[in-house]
Amino acid sequence: MSAPRPKPLPDVKAPDTAGFYEAAKRHSLVVQKCNNCGEMRFPPLPICSNCWSSDQDWAEIEPTGTVWSWVVYHRALEPSFADEIPYAVGRVKTTAGPTFTVRLNIPIEEIEIDMPVTATFKDVNDEVSLLEFSKA
Ligand SMILES: [Zn+2]
C-alpha cells in the first residue's frame, strides 16, 4: 500500500487571492472592497461587478455570519480527505454581506439554517491557514 496522498492546498501566492491568504495567516477575515463604489465581494474578481472599476483593496470584516445552507460529504471525492468523512461544507453569509463556501467546523448534527457562526482559521503549515466557520 502506498503512502497517503497529501491534501491539496491553495496557491497562497496567486495574485488574485494572495491578500486573502496573507490575512488568513494573521487570522483576519478580509474581502475585496471596491474603492469607487464601496461594494464588498468574495471571491475576488479583477473588476467590480457593481461599477466595473478595477480600483480595489482588501478590507477586514467582522468574522461573524450565519449558515445559509450546507451539505455533508459522505464520500471522499478527493481521496486524501477520506479520513475526515463525513464533514460539512456550508454557505455562510457574513454580517458584512459577502458569502463564503467553506468548511464548517461544527458537529454535523448541530448545524442549522441561520445558525450564528464565527470565522476560525486552521493553521496547516507556516504559509497556509485555511478559513473555516465554527459555532459562535
Ligand atoms: Zn464598484
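Visitor: Which residue just after H1 takes a positive phi?
Guide: The model is predicted. Helix H1 covers residues 18-25. Just after H1, at a positive phi of about 60°, comes His-27.

Visitor: Where on H1 do its buried residues fall, and within what arc?
Guide: Phe-20, Tyr-21 and Ala-24 are the residues of H1 to look at, being buried. Because the buried residues of H1, seen down its axis, line one face of the helix, they fall within an arc of 90°.

Visitor: Which strands do the buried residues of H1 pack against?
Guide: The residues concerned are Phe-20, Tyr-21 and Ala-24. Their packing partners are E1, strand E3 (56-60), E7 and E8.

Visitor: Which element gives the most to the largest nonpolar core?
Guide: This core has 16 residues, among which Val-30, Val-92 and Phe-133 touch the most other members. At least two residues each come from H1, E1 (30-34), E4 (64-73), E6 (99-104) and E7 (116-123). With three residues, the element that gives the most is H1.

Visitor: What is the bridge partner of Thr-120 in E8?
Guide: E7 and E8 (residues 129-135) run antiparallel, with seven bridges between them. The two strands form a hairpin, with five residues between them. Within E8, Thr-120 has as its bridge partner Glu-132.

Key
Residues are numbered from 1 along each chain as its sequence is written. This is a predicted model: local features need pLDDT of at least 70, side-chain atom pairs count only at pLDDT 80 or more; totals for chains, interfaces and linings use all residues. A nonpolar core is a set of buried Ala, Val, Leu, Ile, Met, Phe, Trp, Tyr and Cys residues joined through C-beta atoms within 7 Å. A residue is buried if 20 or more other C-beta atoms lie within 10 Å of its own, exposed if 12 or fewer, and partly exposed in between; C-beta atoms are placed from the backbone. Helices (H or I, at least four residues) and strands (E, at least two) are DSSP runs, numbered from the N terminus. Two strands pair if DSSP finds at least two bridges between them. The arc is that of the directions from the helix axis to the C-beta atoms. Two residues are in contact if their C-beta atoms, placed from the backbone, lie within 7 Å.
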